[in-house]
Amino acid sequence: MLMGDSVLFGWSTKRVLALAIGFSAGFLLLGIEVAPYDVPRPDFAVASIVLLVGAATAVGCAHLLAILRSSLAERQRELSELSTRLMSVQEEERRRLARELHDEFGQTLTAVNANLWLIERQAPADAEALRHRTTETRRLVARTLGAMRELSQLLRPSVLDTLGLMPSLDALVSAFREHHQIATSLTGDGLPERLPAEMETALYRIAQEALTNVARHARAARVRVALTAMGGELRLEIEDDGVGLAAHNGGTPPTGTGLVGIRERVRALGGQLLLHGERGVRLEVRVPLPGGR
C-alpha cells in the first residue's frame, strides 16, 4: 500500500513518511499487544522488519519521484525560456531585415524609378520604342517596390513600433481582406495607448498566424477580430464561419506548427489559449495586463 501510494498516486515525501510512521507504529503497538498470545515472536519480528524495510523503501521512492518531478519542472521552465528567447531573437532578426529592405533596396529602386521617369520625359519624339521600354521598366520597378513593401510588412511592420498594436492589426486585417477577399472586421475596446513591446509583438504574430490558418484551412466567408481589455486582462478573439476544427485530423485536436507557435507565444506571456471549433473556429487568447490595468 505504501509503495502504491508513493509510486502510483504521486504522494509527497512528507505525506508518505507520515503514513509510514503511523502505519508502522500502529502495527508494532498492535503486535506487542497480540503477539505474546497468538503470534510467535520470530514471525512477528520478521513481519516487523519487512514492514520497516517496505516503509523505508516507500519513503525513498517518494523522495526520488519528488526529485524527478522537480527536475522535470525545471526542464520545462528552461524550455519555455529557450522558446521565448528564440522568438525574441527571431523578432530582432525580422526587424533588422525589414530595416535593411526599406533603407537599402527601397531608396535604390526609388532612385532608379525617378531616373527612368526623367528618361521617358526627355526622350525624342521619334524614339517611341525607347519610350515604351522605359515605361515598361518603370512598371516593373513599381511592382518590385510593391513586393518589397509587402515583404517588409510581413517581416516586421514598422507601424507596430511607431503606432502600436491596434493600428498594426488594422493594417493586417485590411491586407488580409483585400488579398483573400474574405469579409474581415476588427474591433477594440478599453485598450491602453501602448502595451509592452513584447506583448504587442506576440499578439500581432498570434493574429497573423491565426489569419493565415483561416486562409489556408477554414474556407470561411467572414472573420471577426476583437481586442478587449477587461478585468485586468487582455483578450484577443479571432472567429471565423468556416468548416471548424472537427473536419481536420479526424476530429482530433489540431496539432499544426502554426498552433504550436501560438501556444508558445501565449505561454511566454503567462496567458491562456482557448479553442472552440464545432461550427467555425473561435480562438481566444487571454493574457494579464501589466499592473492589472
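Q: How many helices and strands does the chain have, and what makes a segment count as one of them?
A: The chain has eight helices and five strands. Helices (H or I, at least four residues) and strands (E, at least two) are DSSP runs, numbered from the N terminus. This is a predicted model, in which local features need pLDDT of at least 70, side-chain atom pairs count only at pLDDT 80 or more, and totals for chains, interfaces and linings use all residues. Residues are numbered from 1 along each chain as its sequence is written, and side-chain values use heavy atoms, with hydrogens and water left out.

Q: Why is Leu79 called partly exposed?
A: Buried means under 20% relative accessible area, exposed over 50%, and partly exposed in between (1.4 Å probe, protein chains only). Leu79, a residue of helix α3 (residues 41–122), has 43% relative accessibility and therefore counts as partly exposed.

Q: What share of the residues in the chain is buried?
A: Of the 293 residues in the chain, 31% are buried.

Q: How do you know which contacts link residues 24 or more positions apart, and what share do they make up?
A: Contact means heavy atoms within 4.5 Å. Among contacts in the chain with a separation of 6 or more, 68% are between residues 24 or more positions apart.

Q: Where are the C-alpha atoms of Thr57 and Ala20 relative to each other?
A: They are separated by 10.0 Å, while the two residues are 37 residues apart along the chain.
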